[in-house]
Amino acid sequence: MEIAIETDSPSPLVTLTGRFDSFETAQFREKMDQFADQSHEIRVHLGAVNFIDSSGLAELVRSMKRSREAGGDVVLCAPSQTVRVILELTRLDMAFTIRPDA
Amino acid sequence: MNSSLDPNIDKSIAYRSWADHKIDQPPEWSVVIPAYNESERVVPTVGAIAAHLCRSGTPWELIVADDGSTDDTVEVLNGLGLANMRVLVAEQNRGKGSAVRRGMQAASGNIVLFADADQSTPIEQFETLLKALDNGADVAIGSRSMEGAQVANKSATRKLFSHGLNILVRFGFGIPYQDTQCGFKMFTAPAARALFAHQLIDQFSFDLEILYLARKANMTVAEIPVEWIDAPGSTVDPAKVAVEFLKDMAVIRWNDIRGRYRGLTHDLSA
């Protein structure tokens, strides 16, 4: 999975591309942790994620919880249809803030 | 057969309709997932398959063949409430071959695919295999060993075992395929009916038996390079599998000598 980060707005944008499984959670956590103590939202763009497994989902939840504890949030942006369906089936669509675009 | 996805279909509406309403015609495609203690891995796989295949506009069904899971795989799946997904419950764990056979025999599509529960071969490879059946094959098998295959995260031990077994299978058993064990295989309905009615092996090496039977029945088998990711949490133990595989090669030969596969050709032409 590729991770690209844009920090030129108050709300950082983390764009993921590829398959998000347990092989990828360490690098995702490392990238997200740099924003963890900030009190604004972190946008995670999921438009080019073709699969996310339970480890990837757990890592998203962990980031979201940590960000909310600091007064911010993790917002999922433009999830691909596959990710959208997986979020719905796992009922995580109810837990996250999801936006149709970035 | 329709081997392409329809770009004019609204993906969300198509999925919602499939999820909520039982299709009102026989399925063109059936997808079978064998599952043993897969409560953590199977739901994302179901989601990925559903999201992808609903884009086609083709009526299809999903069958998850439980293999006597002792975790809550069955409850989790039934809790999804998907209108076109059936969960076949097994009282006992008998092996992957047993689960796949039950799923394949319950399938009613004209084309039947079985795919592993961990999405190790991404469902996006569906169309590649379907094209081979469109071109006249009876069976299309995913291959991680052919030139053009994209394999990620496969351990050195697993590569070594796969290579060794493949040499045995090709030269000792006369099966010419480079990868008999990829858990992503597609069949026409008549081929699936004939082959799985004669499958006797319940464990991991049932794939080998199915391909042996396909050759015996003079079916056309297309081996297709696929993308494959060694998904985390695999329950395959290479050493155990290798021993079982060797034993089952002898069992298949013995079954054939004893005439236990008799009737296969007749079934295919019936």
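In the predicted model examined here, chain A contains an open sheet of five strands, arranged in the order E1-E2-E3-E4-E5 with mixed pairing. Helices and strands are DSSP runs numbered from the N terminus (H or I of at least four residues for helices, E of at least two for strands), and two strands pair if DSSP finds at least two bridges between them. The edges of the chain A sheet are strand E1 (2–6) and strand E5 (97–99), each of which pairs on one side only. Direction ignored, neighbouring strands of this sheet are turned by 25° against each other on average; axes are lines fitted to C-alpha atoms, for helices over the stretch in contact, and angles run from 0 to 180 degrees between N-to-C directions. Within the sheet, E2(A) and E3(A) pair in the parallel sense over seven bridges. One of the residues involved is Leu13(A), whose bridge partner in E3(A) is Arg43(A).

Residues are numbered from 1 along each chain as its sequence is written, while chains are lettered from A and ligands numbered from 1 in the order in which they are written. Because the model is predicted, local features need pLDDT of at least 70 and side-chain atom pairs count only at pLDDT 80 or more, whereas totals for chains, interfaces and linings use all residues; side-chain values use heavy atoms, with hydrogens and water left out.

Helix H3 of chain A is mostly covered, with seven of its nine residues buried. Here, buried means under 20% relative accessible area, exposed over 50%, and partly exposed in between (1.4 Å probe, protein chains only). The buried residues are Gln81(A), Thr82(A), Val83(A), Val85(A), Ile86(A), Leu87(A) and Leu89(A). Thr82(A) counts as buried because its relative accessibility is 11%. Leaving aside residues up to four places away in sequence, Thr82(A) touches Asn50(A), Ala48(B) and Ala51(B), where contact means heavy atoms within 4.5 Å. Just after H3(A), Arg91(A) takes a positive phi of about 65°.

Chain B has an open sheet of seven strands in the order E3-E2-E1-E4-E7-E5-E8, again with mixed pairing. Its edge strands are E3 (85–88) and E8 (221–225), each pairing on one side only, and the twist averages 20° from one strand to the next. Leu113(B) is in turn the bridge partner of Met186(B) in E7(B), and E4(B) and E7(B) run antiparallel, joined by five bridges.

In a regular strand the side chains alternate between the two faces of the sheet. In E1(B), Trp29(B), Val31(B), Ile33(B) and Ala35(B) point one way and Ser30(B), Val32(B) and Pro34(B) the other, and all are buried. Together, E1(B), H2(B) and E2(B) make a right-handed β-α-β unit (with the strands pointing away from the viewer, the path from the first strand over the helix to the second runs clockwise).

On a 1 Å grid over the protein atoms alone, a cavity is a set of points where a 1.4 Å probe fits but cannot get out, and a pocket is an open set with protein on both sides within 12 Å along at least five of seven lines; lining residues have an atom within 4 Å of a point. Grid points are joined across faces, edges and corners, and a volume is the space filled by probe spheres set on the points. The largest share of the cavity lining, four residues, comes from H2(A). The second largest pocket holds about 270 Å³ of space, and among its 18 lining residues the closest to its centre are Arg19(A), Asn50(A), Ala152(B), Glu227(B) and Ile229(B).
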